[in-house]
Amino acid sequence: MHASISECNMLDICCIGHITLDKVVTPRAVMHMAGGTAFYFSHAMRHMDVKYGLVTALAKTEMQSVTDLRELGIEVKALDSKHTVYFENIYEENQDNRTQRVLQKADAFSVADLADTEAVIFHLGPLLADDIPTELIKNLFGRGNVSCDAQGYLREVIEKGVHAIDWADKKEALQYIDVLKVNEHELEVLTGIADIREGAKVLAEWGVKEVVVTLGSMGSVILYDSEFYEIPAYKPTEVVDATGCGDTYMAGYLYRRIKGDAVPDAGKFASAMAGLKIEKAGPFTGTAEEVREMMKR
């Protein structure tokens, strides 16, 4: 971690990202729910003993989801946006076949939006390529540690359809990112390399200090300080809902890193937290103690 400042109004961890409206269509039902990295990460942070805050942007009509988070004791700065991000996910009988559309986009975040927010770690959770500009990443890097989930930078909306793209600004932006989370597919898109370790090394060469590669049921691999750490997956008793697992993992990881854990210990905690999350529908609502119990299983 490259910066540490202590001030009374300083957050330990600040997440920046849009809360979404998610419409989930399956052969059996149509459901509406809140979603997005900001939503899942915030819930996962709720019972952790750190000073946490969320900066989000949404339309006035969706303020209820912010009210709900505040009622849970989560500090939220809600910026006005013309629209709220609205994702539609249509699943076929085979759950692996998903059609994703974006019916509305929210306003991007700017340097001015974050001018009065101070944190030791800023965790960026973009959902689409233009949510969080490189200029803002640079600005935050000058003020704290920057963690980022790459997935949004690899998604573009063309006529409401979601299309996979490469991160246009990656070479510049990654110099200003301390911790980057990718899955194996995102790693290959960014680097052109299918081999996990070789791909992670390229991201490190581009400036990322901690490369976190999540591999679903295969666990995760973290590259830090030229050292690879293999993190096991903690098997859930049953798989109920995998949505938001990566966000839950990162919440656990950054929580333990800011508490002073070494990378492998933080990784194991994060992995156990994600394993617990899968056992229940909706966001993670557990405690650090429950995660520790999972780690003993």
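Thr191 is buried, with a relative accessible area of 16%; buried means under 20% relative accessible area with a 1.4 Å probe and protein chains only. The model is predicted, so local features need pLDDT of at least 70 and side-chain atom pairs count only at pLDDT 80 or more, while totals for chains, interfaces and linings use all residues. Residues are numbered from 1 along each chain as its sequence is written, and side-chain values use heavy atoms, with hydrogens and water left out.

**Surroundings of Thr191**
- Thr191 belongs to helix α5 (residues 184-191), a helix being a DSSP run (H or I) of at least four residues.
- A polar atom of the Thr191 side chain lies 2.7 Å from the backbone oxygen of Leu187, and one lies 3.1 Å from the backbone nitrogen of Ile193.
- Beyond its neighbours within four places in sequence, Thr191 is in contact (heavy atoms within 4.5 Å) with Gly199, Val202, Leu203 and Trp206.

- Strands β10 (residues 155-158) and β11 (residues 161-164) pair in the antiparallel sense over four bridges; pairing requires at least two DSSP bridges, and a strand is a DSSP run (E) of at least two residues.
- Arg155 has Ala164 in β11 as its bridge partner.
- Two residues lie between the strands of this hairpin, where Glu159 takes a positive phi near 45°.

**Second largest pocket**
- Residues lining the second largest pocket include Asn9, Leu11, Asp116 and Thr117.
- β4 (52-58) and β5 (75-80) each supply at least two residues of this lining.

Key
On a 1 Å grid over the protein atoms alone, a cavity is a set of points where a 1.4 Å probe fits but cannot get out, and a pocket is an open set with protein on both sides within 12 Å along at least five of seven lines; lining residues have an atom within 4 Å of a point. Buried means under 20% relative accessible area, exposed over 50%, partly exposed in between (1.4 Å probe, protein chains only). A polar contact is a pair of N or O atoms within 3.5 Å; within protein, one must be able to donate a hydrogen and the other to accept it, and residues adjacent in sequence count only if both atoms are side-chain atoms.
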